[in-house]
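Subject: Structure for you, with notes

Hello,

Here is the structure I promised to pass on. Please open it first, then read the notes below.

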Amino acid sequence: MNTTVRVLGAFVDTLVLNIYQTRADFQVVKGRLDGELLEELKALKEKVQDDEEPAASRFVFCGAPLLMTAKGGDGFQWIMKNKLLTLAVNRSSKMQLIAQVRCSSEYLWSVRDLGKVVHEVFGFLVTIFGQRIKLQVSACDLAADVVGLHLGTISDVKRNFVTRAQLTEERPLSEDGMIDGPDGIKQRWGRITGLPFGARNGHVSALLYNKQHEIKYKSKEKEWFYDLWRVAKDVETGEPLWDGEEEVWRVEMRFKRPALNEMKGENFHGIDDAFDLEEHLPGLWAYAVGHVGGGEDGLPDGWLRYVIATEDTNRSRWPVHSDWEVIQGAFQQQEELEETDYEREEQEREELLQLVDEELEERPFATDTKKGRRPGRHIVAAAHPVVPESFTLKPYIRKRKREKNMLRLIAQIAGLLITLEAWRQPSHEERDVFSDLSDTVSFAFNHVEEYYDEKERDFEREVKKRRVLLSIPDKSSQAV
């Protein structure tokens, strides 16, 4: 295969799960929250609104409490969040949906094991809503980060990308069922930075964009992706795949509930239960970007693909570009994976549960035969890069966020000190010496102390409270 494209990483970048209450046989029933939980959420939200700042709840996920926000949204009365999860809760008993949880990109890429993610989230949610709940996949974005992708000119992009995107009157369907090019072309300083395909709120949509550009100008706190890309190595040579400077492009495919509901396979129709999602990741990706080598009929397939133009008037037969073939294989299953401690524990747990299942077959007390309550050991990862099993993103994420937040705060403080000094000394015409920085800081220090004394607030106690709100671990937890 003649291509310079290499996959640095591929995983789920967004995961939204609907939460339903069920009967003992796992059939969904109309939701009704516990009365004590309702009163607790109501009281906490009132406190937040009175204090005009988020308040920590008693619900802790991965060591960080979820913070109640002052407002709900999207039909949900209460919204609680930390840096890993956002939990929206619905108070109405008229709907089956009782809550919705969104996993952050930071959490997903830190774990990089979808079975473990679903298991951890489910285990957390049962402490709030009880054991009889179902997690339904509401939205799922799959992403592959690649280097060596060169898109060419704008005319090349319009000609070589074909898609089956949701149609509008401005973009009618052609006879071969394909649409030319992206919905738009985003540029900065004459360079292509993003290519959207399909409506953002459509059942299926895609976005191809320069990930480094997005991090630099929109998401500086995500520079920890650089650390992940640097440890990706070629599976054959062991050489690093990224030199730290080459452009990294992201191919992001987005699936909403209606699309997931219509997905079909050999033994399934629809992707519903979150515990079933992991095994369907390769199929979802293949539906979106096409199968390596084409579909069952041997012709190129896929909702979106990058092709080589030929004289054939039917663009659905245009061959897939070799660069795109690498992207098509981003979610192929790794055949050999070293067993991790987590997988070993799950294997032992599965064997124990198998014994329980055998016992229940002899002495049944429920009609359920569903096996969707256990996280699978089937790990799906990018076929090309190799990231060491021991590599963890958490310390890199903490470091990157601390650096960026400190720089922003220092810049803000510098601006505030200048403004403070300007107000304190409106004119220097009658003074022989200008105030220096230390004089301004000393003035601020004295007045802040007076402010805290007047408000009867303790600085150290306020710092500890703020650390909780920011989910900053103390030294003891960092040392563990």
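How many disulfides does the structure hold? The structure holds zero disulfides, a disulfide being a pair of cysteine sulfur atoms within 2.5 Å. Cys103 is in no disulfide, and the nearest cysteine sulfur, that of Cys62, is 9.8 Å away.

Before the rest, some ground rules. This is a predicted model, where local features need pLDDT of at least 70, side-chain atom pairs count only at pLDDT 80 or more, and totals for chains, interfaces and linings use all residues. Residues are numbered from 1 along each chain as its sequence is written, and side-chain values use heavy atoms, with hydrogens and water left out.

Cysteines

Cys103 has a relative accessible area of 2%, so it counts as buried. Buried means under 20% relative accessible area, exposed means over 50%, and partly exposed is in between (1.4 Å probe, protein chains only). Cys140 is at 0% relative accessibility and is therefore buried. Cys62 is partly exposed, with a relative accessible area of 44%. Cys62 sits in the loop between β3 and β4 (64–68). Helices (H or I, at least four residues) and strands (E, at least two) are DSSP runs, numbered from the N terminus.

Backbone

Cys62 also has a positive phi, about 55°, although it is not a glycine. Glu52 is not a glycine either, and its phi is positive at about 60°. Most residues other than glycine have a negative phi. Glu52 lies in the loop between α1 and β3 (55–61). Glu52 is exposed, with a relative accessible area of 72%.

Gly290 follows α8 and has a positive phi, near 100°. In helix α8 itself (residues 281–289), the buried residues are Leu281, Leu284, Trp285, Ala286, Ala288 and Val289.

Surface patches

Patches are made of residues with over 30% relative accessible area and no salt bridge; like charges are joined within 9 Å, and nonpolar side chains (Val, Leu, Ile, Met, Phe, Trp, Tyr) within 5 Å. Lys and Arg count as positive, Asp and Glu as negative, while His and the chain ends are not counted. The place of a charge is NZ of Lys, CZ of Arg, CG of Asp or CD of Glu. Accessible areas come from the Shrake-Rupley method with a 1.4 Å probe, and for residues only the protein chains shown count as cover.

- Positive: Lys186, Arg188, Lys216, Lys218 and Lys220 gather in a surface patch. Lys218 is in the loop between α5 (211–217) and α6 (224–230). Lys218 is exposed, at 66% relative accessibility.
- Negative: Glu39, Glu46, Asp50 and Glu52 form a surface patch. Glu39 belongs to helix α1 (residues 35–51). Glu39 is exposed, with a relative accessible area of 51%.
- Nonpolar: Met406, Leu409, Ile410 and Ile413 form a surface patch with about 370 Å² of accessible area together. Ile413 is in helix α11 (residues 394–424). Ile413 is partly exposed, at a relative accessible area of 46%.

Salt bridges

Side chains of opposite charge can pair when their charged atoms come close. A salt bridge here is a side-chain nitrogen of Lys or Arg within 4 Å of a carboxyl oxygen of Asp or Glu. The count comes to 14 salt bridges. Here are some of them.

Arg23 pairs with Asp25, the closest N and O atoms being 3.1 Å apart. Arg23 is partly exposed, with a relative accessible area of 43%. Asp25 is also partly exposed, at 22%.

Asp51 pairs with Lys47, and their closest N and O atoms are 2.8 Å apart. Both lie in helix α1, four residues apart, about one turn of the helix. Asp51 is partly exposed, at 39% relative accessibility. Lys47 is partly exposed too, at 40%.

Arg230 pairs with Asp227, with 3.9 Å between the closest N and O atoms. Arg230 and Asp227 are three residues apart in helix α6, so about one helical turn separates them. An α-helix has 3.6 residues a turn, so residues three or four places apart point the same way. Arg230 is partly exposed, with a relative accessible area of 40%. Asp227 is buried, at 11% relative accessibility.

There is also a network: salt bridges that share partners join Asp13, Asp145, Arg250, Glu252 and Arg254.

Best wishes
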